[in-house]
Amino acid sequence: MMINSVKVEEKLFQNRYVVDEGRPHISISEPLKASPALRTLVDICPAGCWSVQPDGQLSGTLDGCFECGTCRIVAKAVGQEIQWAYPRGGYGILYKFG
Amino acid sequence: MPERFDAIVVGAGPAGNAAALTLAEAGVSVLLLERGEYPGSKNVQGAIMYADQLQALIPDFRDDAPLERHIVEQRIWMLDDSAHVGTHYRSDGFNEELPNRYTIIRAQFDKWFAKKVQAAGALLICETTVTELLKDGDRVVGVRTDRAGGDIHADVVILADGVNALVAQRSGLRDELKPDNVALAVKEMHFLPEEVIQQRFNIGENEGVVIEAAGTITDGMLGTGFIYTNRESLSVGIGCLVSDFAASKTRPYDLLERFKQHPSIRPLLAGSEVKEYAAHLIPEGGYRAVPKVFGDGWLMAGDAGQFVNSLHREGSNMAMTTGRIAAETVIDLKREGKPMNGRNLSLYRKRLEDSYVMKDLRKYRDLPQVLHRNKQFVTTYPKLLAGAADTWFRVDGVDKRSKERQIVRSFLKGRSLRGLVGDALRLARAVR
């Protein structure tokens, strides 16, 4: 039994980020049709960054990203590439406690 | 800034700090690069710090390190949906002059650690992401950073850039992580007044408690939850294998929420204020997942080398040790005037084999696969144990012999005799 989903945005609101405007550190160069395997990213990303667009493409909104690497690893395991880099120095998640 | 150093260390976590400190103290010119705003700003841990390996690096660390509480009590819980069966070990002996384990807050600890590194003479530069290794043929000769004109050369590069090890991956020195070799953990910081924590956990000032929890809280996935007492906060988290998250499409934050609402956990957190939500990967593949950790002009330490003993919760501990041994290897080669080629640097791997690091990882080399294939350890058994305890402790007019039979029957029904014996053997073999 799983409880109703909590709003991850409310959790992310506590965190400190310095967003590198206009320079996302994760991108998809070829539009990725969200296969069932990639669709799991919508659920398992701990920051809820991923969504599937009406046209079936995978889309990421990275402002809350933890730079954890889960999406890159899961995509790679099913033979798909997400262009994944760390943000430029000083940008991205900045943990107060960690 | 000079464009050349004896050594460059990538990442100012426990592995990188340990490496840079050891090098600087030996008079080696060392540059420590950190991509965060300050050391620790990208790092997440439970976190328990073991004194022994830190003491080997900084003997008087207790004087000024940001330590939260020393651990006097360890609780290990098996939870089903409404109960927990557990063991506690508490001892006044842990209130010793030089305690063995402390809770820490990594963002503060890593920052403190890096200050020690700077004081020893290393150059620390933050807000600088290493994008790739500079190579001359197959030999690593430095790093490229995201700063303008950001190429820096060195005789050796120590890669301590954490679990994702992107720098090594980009340079073809390491493969991508496998979803069943890595856990995703999410964690929250719950703030409460110091006195409330002490009353709630039955501890005095400076004393701390660790709770490790397994069972139905992970919803059939392989993983554990935890609560650690800091001075005026509780670290509350849960982690499971990425492959299990992917197969079950579980939302990590839902799992954390469910853990927090468990009747054995909820009262411990009541009234707390959450000030941060974090997520990080933990390498859990053990011995068989350790990649090549040395080559021409480079060494790899800490999570990047997958040096984590997941059973004993030793990640940062092994990070400090591998960082230190990597540095010692470099220092010795330098003294002997030997080049930093793969052949000479292979001494690092040999020294790791002789240390507790590879000895412990080798001892548990089969454990990740055994647990992965036998989910009953986190599904069936917690329920059976809680059910047995319930039957045994409830006084309801049923005679005790019947209760014993009922408990035995529940185990036989839950796992069969063959299953029970097999599980015992499998577990014994995996940890022998």
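How many salt bridges does the rule find across the interface of chain B and chain A? In this predicted model, the rule finds 7 salt bridges across that interface. One of the pairs that form a salt bridge is A:E67 with B:K42, for which the closest N and O atoms are 3.0 Å apart. When polar contacts are considered, with both residues of a pair at pLDDT 80 or more, the rule finds 29 residue pairs across the interface of chain B and chain A.

The contact as a whole takes 43 residues from chain A and 58 residues from chain B. Between the two chains an area of about 4,200 Å² is buried, and carbon and sulfur atoms give 56% of this area. On the side of chain B, the residues that lose the most area to chain A are B:Y253, B:E276 and B:Y277, which together account for 16% of what that side buries.

With regard to the organisation of chain B, the domain assignment gives a domain 1 made up of the segments 4-66, 105-174 and 291-354, together with a domain 2 that spans 368-431. The C-alpha centres of domain 1 and domain 2 of chain B lie 45 Å apart.

The structure holds 1 cavity of 30 Å³ or more, and about 90 Å³ of space lies in the largest cavity. The lining of the largest cavity consists of 14 residues, among which A:C45, A:W50, A:C65, A:C68 and A:C71 lie nearest its centre. By residue class, this lining divides into 11 nonpolar residues, 2 polar residues and 1 charged residue.

Terms used
Residues are numbered from 1 along each chain as its sequence is written. Chains are lettered from A and ligands numbered from 1 in the order in which they are written. This is a predicted model: local features need pLDDT of at least 70, side-chain atom pairs count only at pLDDT 80 or more; totals for chains, interfaces and linings use all residues. Side-chain values use heavy atoms; hydrogens and water are left out. On a 1 Å grid over the protein atoms alone, a cavity is a set of points where a 1.4 Å probe fits but cannot get out, and a pocket is an open set with protein on both sides within 12 Å along at least five of seven lines; lining residues have an atom within 4 Å of a point. Grid points are joined across faces, edges and corners, and a volume is the space filled by probe spheres set on the points. Ala, Val, Leu, Ile, Met, Phe, Trp, Tyr, Cys and Pro count as nonpolar, Asp, Glu, Lys and Arg as charged, and the others, Gly among them, as polar. Domain bounds come from an automatic or database domain assignment. Contact means heavy atoms within 4.5 Å. Buried area is the accessible area (1.4 Å probe) that two parts lose on being put together, summed over both. A salt bridge is a side-chain nitrogen of Lys or Arg within 4 Å of a carboxyl oxygen of Asp or Glu. A polar contact is a pair of N or O atoms within 3.5 Å; within protein, one must be able to donate a hydrogen and the other to accept it, and residues adjacent in sequence count only if both atoms are side-chain atoms.
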